[in-house]
Amino acid sequence: MKEVLAYLATLPPAEREAFAARCRTTVGYLRKAASAGQCIGEDLAIRIERESNRAVTVEQIRPDVDWASIRSTLCSHQRAA
């Protein structure tokens with residue numbers, strides 16, 4: 001989560017709020033979760049990756065999840081469609 005805090009620090013205050021809103025959370029929650037070492041949900045991790053344009057990745061946020069397997073499964077399904 002330190003990567004999330006570092007990313008937020010690069011944004012002007014108004015953009016921080018807009019980023020958090022696009023992620024369907026608040027800046028306060030992101031800061032609290034990072035400070036407490038809280039494990040955030042996979043869905044929020046995905047939104048953070050998407051809204052940060054991969055400046056912060058799901059692998060950085062939730063290293064306990066096998067994202068490589070999930071990504072390869074998604075790619076396999078997309079190719080089959």
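Leaving out its neighbours within four places in sequence, Ala33 is in contact with Met1, Gln38 and Ile40. That makes a handy way into this structure, which is a predicted model. The protein chain has six helices and zero strands, and Ala33 is found in one of those helices, α3, which covers residues 27-36.

- Ala33 counts as buried because its relative accessibility is 0%, and the cut-off for buried is under 20%.
- Computed along the sequence, Ala33 and Lys2 sit 31 residues apart; in space, their C-alpha atoms are 10.0 Å apart.
- Look at Met1 and you'll find Ala33 again: setting aside residues up to four places away in sequence, Met1 touches Leu30, Ala33, Ala34, Gln38, Ile40, Gln60 and Ile61.
- Gln38 and Ile40 therefore turn up in the contacts of Ala33 as well as in those of Met1, with contact meaning heavy atoms within 4.5 Å.

**Helix α1, side by side**
- Helix α1 runs over residues 2-9, and Val4, Tyr7 and Leu8 are buried in it.
- These three lie on the same side of α1, because the arc they cover around the axis is only 100°.
- The general rule behind this is that an α-helix has 3.6 residues a turn, so residues three or four places apart point the same way.
- As for what covers the buried residues of α1, the list includes α2 (13-22), α3, α4 (42-51) and α5 (58-61).

**The largest nonpolar core**
- This core holds 21 residues, and the ones touching the most other members are Met1, Val4, Phe19, Leu30, Ile40, Ile48 and Ile61.
- Helices α1, α2, α3, α4 and α5 each put in at least two residues.
- The largest share comes from α3, with four residues.

**The chain as a whole**
- Reading along the sequence, you get the pattern α-α-α-α-α-α.
- The protein chain has 81 residues, and 36% of them count as buried.
- Among contacts with a separation of 6 or more, 39% are between residues 24 or more positions apart.
- The accessible surface comes to about 5,000 Å², and carbon and sulfur atoms account for 56% of that.

Notes. Residues are numbered from 1 along each chain as its sequence is written. This is a predicted model: local features need pLDDT of at least 70, side-chain atom pairs count only at pLDDT 80 or more; totals for chains, interfaces and linings use all residues. Side-chain values use heavy atoms; hydrogens and water are left out. Buried means under 20% relative accessible area, exposed over 50%, partly exposed in between (1.4 Å probe, protein chains only). Accessible areas come from the Shrake-Rupley method with a 1.4 Å probe; for residues, only the protein chains shown count as cover. The arc is that of the directions from the helix axis to the C-beta atoms. A nonpolar core is a set of buried Ala, Val, Leu, Ile, Met, Phe, Trp, Tyr and Cys residues joined through side-chain atoms within 4.5 Å.
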